[in-house]
Amino acid sequence: MKKNEKLLVGQVLCEGDVLAQNQADFYENYIVKANDVLYRLLSDLMRYSDQILGSDYKLEILSKMRNTLSTKHNIKVQKNTPDLTIIVKYVVRTNRKNAHVYARVLDMAYRQDVMADELEDFIRQNGGIDRIRESNTNLEAVNKKKARGEHELKFIKALLDEKVATPITEFSIPQELSSQVHDSMGVGAFFYPICKRVLGGYKVVGVIPMDIDFEKQILSRVCVDLGSKSSYSEIDKQQIARAQEVISPEYQRKMRDKRDREDAEYRAKKLAAQQPTVPQLALAA
């Protein structure tokens with residue numbers, strides 16, 4: 001390489017080094033320092049939240065915040081909006097995206113018993129605000145998926161209970177073989193016949209209860225099969241509607257209230273039966 005070419009290449013690389021240093025200075029002076037300032041502001045916001053959440057006048061304060069957000073800043077707050085989110089929105093106000101992110105960060109800190117003085121280190125140790133937001137979002141997605149799966153399993157279990165009235169077939173185990181059916185204590189609600197298809201029929205060679213984990217797998221498969229059906233009979237529709245009713249919160253509350261009343265009546269009768277009878281003294285004529 002000629003001397004002039006070396007000088008030109010060196011000059012280009014020198015310019016790159018200067019730009020690299022400028023970028024490093026920018027990151028240090030603006031990004032890092034800006035994050036430090038933001039983390040301190042979030043610590044102050046957490047202290048402010050602590051003050052409100054622990055106040056005897058919390059309900060009054062939150063009510064005023066709701067009203068102010070709605071009337072002065074045109075920020076709607078739902079009835080089920082968490083208290084912490086209301087406080088964050090009241091402070092952040094105009095930037096709704098930031099309010100949402102900051103509320104997530106503080107919520108995660110609260111759930112891990114982080115104090116306001118520890119918040120800055122907590123944010124740094126967890127990779128910054130964006131990383132915390134992402135992890136919190138992923139956790140919510142996992143929880144929602146889990147809740148949806150549990151709801152589906154409750155529904156399928158209730159549906160199968162309804163279908164007991166209209167079974168595909170019925171059979172009884174001979175008395176002399178009943179000892180081969182294992183004890184079902186501590187396992188799932190259903191029994192599973194071990195059978196093999198022979199000449200169009202099913203030869204049952206055993207009946208056993210399965211553990212809860214395996215029962216969930218079976219119920220999940222039943223749920224998939226149910227969803228793949230293109231049409232349902234009238235009996236199917238009635239049973240599905242009944243199963244949906246049985247697992248509904250309203251029905252559960254109704255049944256719980258009924259059980260509570262029956263328990264109260266039983267205790268009252270038992271208490272009355274335990275009361276000693278006082279013999280009546282005969283009056284002298």
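These exercises work through strands, a pocket and helix packing in a predicted model.

**Exercise 1. The hairpin**

Find how strands S1 and S2 pair, and over how many bridges.

*Solution.* 
- Step 1: Locate the strands. S1 covers residues 191-198, and S2 covers residues 201-209.
- Step 2: Read the pairing. The two strands run in the antiparallel sense, over eight bridges.
- Step 3: Check bridge partners. Pro-193 has Val-207 in S2 as its bridge partner. Val-198 stands opposite Gly-201 in S2.
- Step 4: Look at the turn. Two residues lie between S1 and S2, which form a hairpin. Leu-199, in this turn, has a positive phi of about 55°.

**Exercise 2. The largest pocket**

State how much space lies in the largest pocket, then describe its lining.

*Solution.* 
- Step 1: Recall the idea. Rolling a probe the size of a water molecule over the atoms shows where empty space is left.
- Step 2: Give the volume. The largest pocket holds about 1500 Å³ of space.
- Step 3: Find the centre. The pocket is lined by 37 residues, and the closest to its centre are Ile-168, Thr-169, Phe-171, Phe-191 and Pro-193.
- Step 4: Name the contributors. Helix H6 (129-163), S1, S2, helix H7 (212-227) and helix H8 (234-246) each supply at least two lining residues. S2 gives the largest share, six residues.
- Step 5: Sort the lining by type. There are 26 nonpolar, six polar and five charged residues.

**Exercise 3. Two helix pairs**

Work out how H3 is oriented against H4, and how H2 is oriented against H3.

*Solution.* 
- Step 1: Two packed helices are described by the angle between their axes and the distance between the axes.
- Step 2: Take H3 (residues 83-92) and H4 (residues 96-111). They pack at about 135°, with axes 9 Å apart.
- Step 3: Classify this pair. Angles over 145 degrees count as roughly antiparallel, and 65 to 115 as roughly perpendicular. H3 and H4 are therefore oblique to each other. H3 passes H4 in a right-handed crossing.
- Step 4: Take H2 (residues 58-73) and H3. Their angle is about 50°, and their axes are 10 Å apart.
- Step 5: Classify again. Angles under 35 degrees count as roughly parallel. H2 and H3 are therefore oblique to each other. H2 passes H3 in a left-handed crossing.

Conventions: Residues numbered from 1 in each chain as written. Predicted model: local features only at pLDDT ≥ 70, side-chain atom pairs only at ≥ 80, totals over all residues. Heavy atoms only, no water. Pairing = 2+ DSSP bridges. Helix = DSSP H or I, 4+ residues; strand = E, 2+ residues; numbered from the N terminus. 1 Å grid on protein atoms, 1.4 Å probe; cavity = no way out; pocket = protein on both sides within 12 Å on 5 of 7 lines; lining within 4 Å. Points joined across faces, edges and corners; volume = space filled by probe spheres on them. Nonpolar A, V, L, I, M, F, W, Y, C, P; charged D, E, K, R; others polar. Axes fitted to C-alpha atoms, helices over the stretch in contact; angles between N-to-C directions. Left-handed = near helix turned anticlockwise from the far one by under 90°.
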